[in-house]
Amino acid sequence: MDFTDTPEEAAYREKARAWLIANAPKQGLKPGRDHDGSDLAEARAWQTKKAAAGYAQITWPKEWGGPGGTPIQSVIYAQEEAKFAVNSGYFLIGLGMCIPTVMAFADEETKKRFVGPALRGEEIWCQLFSEPSGGSDAAAARTRAVRDGDEWVINGQKIWTSGAHLSDYGILLARTDIDVPKHKGMTMFWIDMRSPGVEIRPIHQMSGASGFNEVFFTDMRIKDSQRLGPVGDGWKVAIVTLMNERLSVGDIRGLDPAQFLRLAREVTIGGESAARNHAFREKIADWYVQFEGLKHTRMRTITSLSRGQTPGPENSIGKVVAANVAQEMAREAMEMLDQFGIINDPSLAPLAAGFQNQVLATPGNRIAGGTDEIMRNIIAERVLGLPGDVRLDKDVAFKDIPSWR
Amino acid sequence: MNFDFSDEQKQLKNEARRFLQRECGPERVRAILDHPEKAYDKELWTAAAAQGWLGAAIPEQHGGLGLGRLELCALAEELGRALAPIPFGSTIYFLAEAILLAGSETQRAKYLPKIAAGELIGALASSEGPGEPTVASLQASVVGGKLTGAKLPVTDGDIANLAVVLAKENGQPGLFLVHLEGPGVSRKSLQTLDPSRDVAQLTFAGAAAEPLGGAGEGFELLQQILDRAAVLFAFEQVGGADRCLEMSKDYALSRYAFGRPIGSYQAIKHKLADMFIKNELARSNAYYGAWALNAGAPELPTAAAAARVAACDAYWYASKENIQTHGGIGFTWEVDCQLYYRRCRQLALVAGAPRAWKERLVSQLERRNVA
Ligand SMILES: Cc1cc2nc3c(=O)[nH]c(=O)nc-3n(C[C@H](O)[C@H](O)[C@H](O)COP(=O)(O)OP(=O)(O)OC[C@H]3O[C@@H](n4cnc5c(N)ncnc54)[C@H](O)[C@@H]3O)c2cc1C
């Protein structure tokens with residue numbers, strides 16, 4: 001067990017840091033989940049630079065434009081990059097989920113066409129899985145793909161598609177057979193978001209931003225060569241996408257307990273600094289322990305990856321813990337300010353209303369990418385081996401499954 | 001960077017687990033629990049010494065194996081998992097660590113080989129009443145090398161040969177080594193929540209006390225000893241909490257209600273998922289603490305506090321929800337759930353309550369924040 005850099009790691013960190021100092025803007029871009037597009041041009045420029053220098057997708061092999069680095073190097077780079085005001089958020093879904101799926105299932109020509117531009121930030125991808133009929137139950141997808149010679153005709157609707165309005169391409173999970181049980185009747189495709197028959201309508205989120213969208217398909221025609229994996233195997237392909245989502249080692253975004261403590265120092269409660277208040281102090285300790293626990297848990301995963309082992313189940317806890325701690329911490333920060341806490345005008349509220357914004361953003365974190373409840377189901381079933389839920393839809397033809405009532 | 005035990009350490013851990021499965025089943029724990037006159041499992045203590053566990057982190061020149069603290073952490077996890085009813089923490093995490101930290105060369109040479117050989121049981125005597133001991137509250141005092149005062153509760157106080165005692169001398173707090181078999185010492189067993197471990201009141205009336213570390217350093221040294229012990233106890237706690245999760249899982253898979261295994265109900269599944277989450281957070285914090293302890297890193301105070309807070313929380317949740325998962329049978333004397341629940345309470349208090357550690361953690365963060 002060693003939490004310090006080896007000489008090689010220290011050298012890599014030094015090199016990365018020097019590169020960042022020379023190349024990264026120190027101010028301006030702010031990382032965030034709300035893809036409002038306002039900083040897209042800068043974000044693209046940054047991604048291009050990173051890719052050229054070998055700091056984008058560090059673990060990707062050389063043949064795909066990565067530097068062929070180690071998981072530890074990618075952690076080291078992420079730790080260093082986090083100290084700079086840069087935003088790679090627009091490319092996360094593409095590089096973390098869609099492109100790995102394309103790499104696993106597309107033909108050589110398609111891979112050659114898409115991997116490079118995505119890596120350099122030239123093209124943005126989105127993930128078209130969730131539908132009004134189901135997000136947790138993504139296998140309930142109703143968007144139809146009907147074969148017509150060498151083409152497929154797509155009709156239906158996706159929803160909650162992050163970044164669809166900014167995306168060039170997307171991966172689409174569609175229903176190709178309604179006469180078989182639901183997991184067997186789906187097929188995956190990649191699509192051009194600018195094809196005729198695609199309509200994208202931004203959804204106004206409760207946080208005020210419009211990061212996700214409804215996407216409507218009306219007789220959109222795509223080529224059979226856009227299929228990823230065999231017909232009817234869409235669910236297996238989707239699992240690969242989702243596995244990559246869980247493997248992608250993201251940072252915990254948002255404010256941390258140290259920032260809460262800093263804020264507490266500036267606030268007075270009952271004649272003394274809020275930082276002296278025992279109720280807050282106890283909570284700070286609890287949050288800190290959870291954040292630290294997650295940080296080290298993630299490093300345990302990296303250790304197994306770098307030893308060539310399949311990471312253990314540790315990493316599945318990350319999202320549930322991070323989202324809930326972030327939400328509670330933001331609430332407490334508001335309450336620490338007493339009446340003033342309700343103000344989220346960034347010119348008045350401390351930390352440019354960071355905690356107030358976090359109150360509004362965190363409900364989404366608890367839902368996106370698997371709800372708290374689904375994540376607990378996953379831990380219980382895949383990690384602990386407890387039985388799956390009683391299913392009423394398993395051996396029933398898709399067309400006969402009950403939906404809304 | 002590397003965030004796991006090495007293969008050798010894992011092997012040591014596996015061997016310890018197999019050994020304890022054989023030598024320290026629940027019946028051995030119950031033999032102590034059900035017999036108040038038995039303070040600890042002597043046979044197991046002798047066996048632990050024979051395995052080299054007592055001397056694992058004691059330098060070779062002092063009769064130990066000279067392994068690192070990481071090996072000790074690996075062993076601690078297994079001892080915690082097995083609820084080993086032996087004075088391992090008192091002797092190794094408290095006494096041996098205190099001597100390694102503050103002992104003179106003479107003290108090291110005199111005591112460490114005996115500890116490694118299993119010939120010397122230790123104890124830490126700091127508490128005198130409700131609440132954390134403070135400079136103001138400290139009553140025990142040493143005059144002319146003689147200790148007067150009372151300490152309670154002292155874990156393993158009935159069976160210890162040598163205690164680390166917090167007392168004042170010339171108004172200054174210090175640590176002292178006191179032979180408990182000498183004149184001027186009386187002991188009385190105390191009834192506690194976890195009778196599988198021994199706890200006593202020690203009363204000193206002019207007992208010989210030799211200083212451990214410098215005059216006036218009592219509280220600083222005590223805190224440093226507790227930092228070390230907190231990490232090691234955290235591993236015991238993680239071991240116990242993981243065992244609770246396993247018990248719950250096994251039971252949830254075999255017990256049926258309403259025609260289904262109870263483990264197929266989400267209320268139970270999510271409870272167990274939460275146990276898993278807390279246990280993993282505790283384990284990761286304990287690993288970080290282990291590294292800081294082993295490396296003698298300046299991060300130890302923060303890392304130890306985080307390890308302790310996370311471990312206390314995880315063990316409490318796992319041990320209480322383990323009972324809940326078992327239903328009525330979980331509330332019986334016969335079923336082992338209670339053993340973990342009791343031990344969880346013992347471990348959460350023996351090195352200071354989590355509340356104080358949370359305070360310490362935040363103080364450390366403030367210091368770092370200012371810096
Ligand atoms: C900010 C944000 C970004 C998103 N981005 C994308 C994207 O880019 N692409 C995409 O495809 N999707 C995206 N989603 C959709 C997201 O994956 C779904 O919202 C999520 O999976 C939940 O699905 P749902 O909204 O249909 O809710 P439902 O599945 O209907 O869930 C409603 C409630 O029921 C609970 N529930 C459902 N099933 C179970 C069960 N089996 N056991 C216990 N409880 C259950 C849920 O936990 C939840 O509390 C995004 C969502 C958000 C909030």
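How many disulfides does the count come to over all chains? In this predicted model, the count comes to 0.

**View 1. The cysteine A:C98 and its closest cysteine sulfur, in A:C126.** A disulfide requires two cysteine sulfur atoms within 2.5 Å. The sulfur of A:C98 is 6.7 Å from that of A:C126, and is therefore too far away for a bond. A:C98 is buried, its relative accessible area being 0%.

**View 2. The cysteine B:C73 and its closest cysteine sulfur, in B:C312.** Here the two sulfurs lie 15 Å apart, which is too far for a bond. B:C73 is likewise buried, with a relative accessible area of 0%.

**View 3. Helix α2 of chain B and what covers its buried residues.** The helix spans residues 26-33, and its buried residues are B:R28, B:V29, B:R30, B:I32 and B:L33. Among the elements of chain B that cover these residues are α1 (7-23), α3 (42-50) and α10 (337-350).

**View 4. The second largest pocket, with a volume of about 970 Å³.** Its lining is made up of 35 residues, and those nearest its centre are B:L349, B:V350, B:A351, B:G352 and B:A353. Two or more lining residues come from each of α5 (88-102), β1 (122-125), β3 (146-155), α7 (218-254), α10 and α11 (354-370) of chain B. Helix α10(B) gives the largest share, 5 residues. By type, the lining comprises 18 nonpolar, 11 polar and 6 charged residues. The pocket lies between domain 2 (122-216) and domain 3 (219-370) of chain B, because both give residues to its lining.

Notes. Residues are numbered from 1 along each chain as its sequence is written. Chains are lettered from A and ligands numbered from 1 in the order in which they are written. This is a predicted model: local features need pLDDT of at least 70, side-chain atom pairs count only at pLDDT 80 or more; totals for chains, interfaces and linings use all residues. Side-chain values use heavy atoms; hydrogens and water are left out. Buried means under 20% relative accessible area, exposed over 50%, partly exposed in between (1.4 Å probe, protein chains only). Helices (H or I, at least four residues) and strands (E, at least two) are DSSP runs, numbered from the N terminus. Contact means heavy atoms within 4.5 Å. On a 1 Å grid over the protein atoms alone, a cavity is a set of points where a 1.4 Å probe fits but cannot get out, and a pocket is an open set with protein on both sides within 12 Å along at least five of seven lines; lining residues have an atom within 4 Å of a point. Grid points are joined across faces, edges and corners, and a volume is the space filled by probe spheres set on the points. Ala, Val, Leu, Ile, Met, Phe, Trp, Tyr, Cys and Pro count as nonpolar, Asp, Glu, Lys and Arg as charged, and the others, Gly among them, as polar. Domain bounds come from an automatic or database domain assignment.
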